[in-house]
Amino acid sequence: MSIIAKIIIALVALLHLYFLWLEMFAWTTKAKKVFRKFPKELFEPTKTMAANQGLYNGFLAAGLIWSLTIKNATWQFNVALFFLACVAVAGVYGAISVSKKIFIVQALPALLGILLLLASYL
């Protein structure tokens with residue numbers, strides 16, 4: 001796997017660690033500044049739901065980080081591709097169902113990672 005692909009994978013993982021923190025631990029404080037269009041009165045009632053979303057983002061980050069530690073090139077490729085695809089699908093769904101901005105923030109970096117991964121493997 002190329003260094004550039006690994007850097008993008010690491011950046012996508014860091015983004016999802018940030019999402020984990022924001023949704024699990026800062027939903028009623030810092031998240032209000034990030035999700036400005038979300039009604040302020042709904043942050044407290046949706047705290048548990050946001051924490052659940054954060055947990056899923058943590059699993060995505062863990063999978064991407066795991067892919068960077070695998071020594072076998074084929075398995076490293078497969079695991080990275082799987083988790084980047086999960087992120088991309090979630091980002092596309094979020095863009096369709098919630099906000100187009102999610103495509104830029106979540107799906108686009110994952111798709112870039114997939115392209116770089118494929119380019120480095122072929």
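These legends accompany several close-up views of a predicted model.

**View 1. Helix H4 from end to end.**
Let's begin with helix H4, which runs through residues 73-97 and has 25 residues. From its first C-alpha to its last, H4 reaches 36 Å, close to the 36 Å expected at 1.5 Å a residue. At the N-terminal end, look for asparagine 72, which caps the helix. A side-chain oxygen of asparagine 72 lies 3.0 Å from the backbone nitrogen of threonine 74.

**View 2. The buried residues of H4 and what covers them.**
Which residues of H4 are buried? They are Gln76, Phe77, Val79, Ala80, Phe83, Leu84, Val87, Ala88, Gly91, Gly94 and Ala95. The cover over these residues includes helix H1 (3-25), helix H3 (47-69) and helix H5 (101-121).

**View 3. H3 beside H4.**
Two packed helices are described by the angle between their axes and the distance between the axes. For H3 and H4, the packing angle is about 155°, and their axes are 8 Å apart. An angle over 145 degrees counts as roughly antiparallel, and H3 and H4 are therefore roughly antiparallel to each other. The crossing in which H3 passes H4 is left-handed. To follow the contact on the H3 side, find Phe59, Leu60, Gly63, Leu64, Trp66, Ser67 and Leu68. In H4, they meet Gln76, Val79, Ala80, Phe83, Leu84, Cys86 and Val87.

Now pick out asparagine 57, which lies in helix H3. Is asparagine 57 buried or exposed? Its relative accessible area is 10%, so asparagine 57 is buried, since buried means under 20%. Leaving aside residues up to four places away in sequence, asparagine 57 touches His16, Phe19, Leu20 and Glu23.

**View 4. H1 beside H5.**
This pair of helices packs at an angle of about 155°, with the axes of H1 and H5 8 Å apart. That makes H1 roughly antiparallel to H5. H1 passes H5 in a left-handed crossing. From H1, the residues to look for are Ile4, Ala5, Ile8, Ile9, Val12, Leu15, His16 and Phe19. They meet Val105, Gln106, Pro109, Ala110, Leu112, Gly113, Leu116, Leu117 and Ser120 in H5.

**View 5. Glutamine 106 and its neighbours.**
Glutamine 106 can be found in helix H5. With 12% relative accessibility, glutamine 106 counts as buried. What joins the side chains of glutamine 106 and histidine 16? A polar contact of 3.4 Å does. Not counting residues up to four places away in sequence, glutamine 106 touches His16, Val87, Ala90 and Gly91.

**View 6. Alanine 95 in H4.**
Return to helix H4 to find alanine 95. This alanine counts as buried, at 10% relative accessibility. Beyond residues up to four places away in sequence, alanine 95 touches Lys100, Ile102 and Phe103. How far apart in space are alanine 95 and alanine 107? Twelve residues separate the two in sequence, and their C-alpha atoms are 8.5 Å apart.

**View 7. Glutamate 41 in a loop.**
Where is glutamate 41 found? Look in the loop between helix H2 (31-34) and H3. Glutamate 41 counts as exposed, with 60% relative accessibility. Leucine 60 is 19 residues away from glutamate 41 along the chain, and 29 Å separates their C-alpha atoms.

Note on methods
Residues are numbered from 1 along each chain as its sequence is written. This is a predicted model: local features need pLDDT of at least 70, side-chain atom pairs count only at pLDDT 80 or more; totals for chains, interfaces and linings use all residues. Side-chain values use heavy atoms; hydrogens and water are left out. Helices (H or I, at least four residues) and strands (E, at least two) are DSSP runs, numbered from the N terminus. The expected span of a helix is 1.5 Å times one less than its number of residues. Buried means under 20% relative accessible area, exposed over 50%, partly exposed in between (1.4 Å probe, protein chains only). Contact means heavy atoms within 4.5 Å. A polar contact is a pair of N or O atoms within 3.5 Å; within protein, one must be able to donate a hydrogen and the other to accept it, and residues adjacent in sequence count only if both atoms are side-chain atoms. Axes are lines fitted to C-alpha atoms, for helices over the stretch in contact, and angles run from 0 to 180 degrees between N-to-C directions. Angles under 35 degrees count as roughly parallel, over 145 as roughly antiparallel, 65 to 115 as roughly perpendicular and the rest as oblique. A crossing is left-handed if the near helix is turned anticlockwise from the far one by less than a right angle, and right-handed if clockwise.
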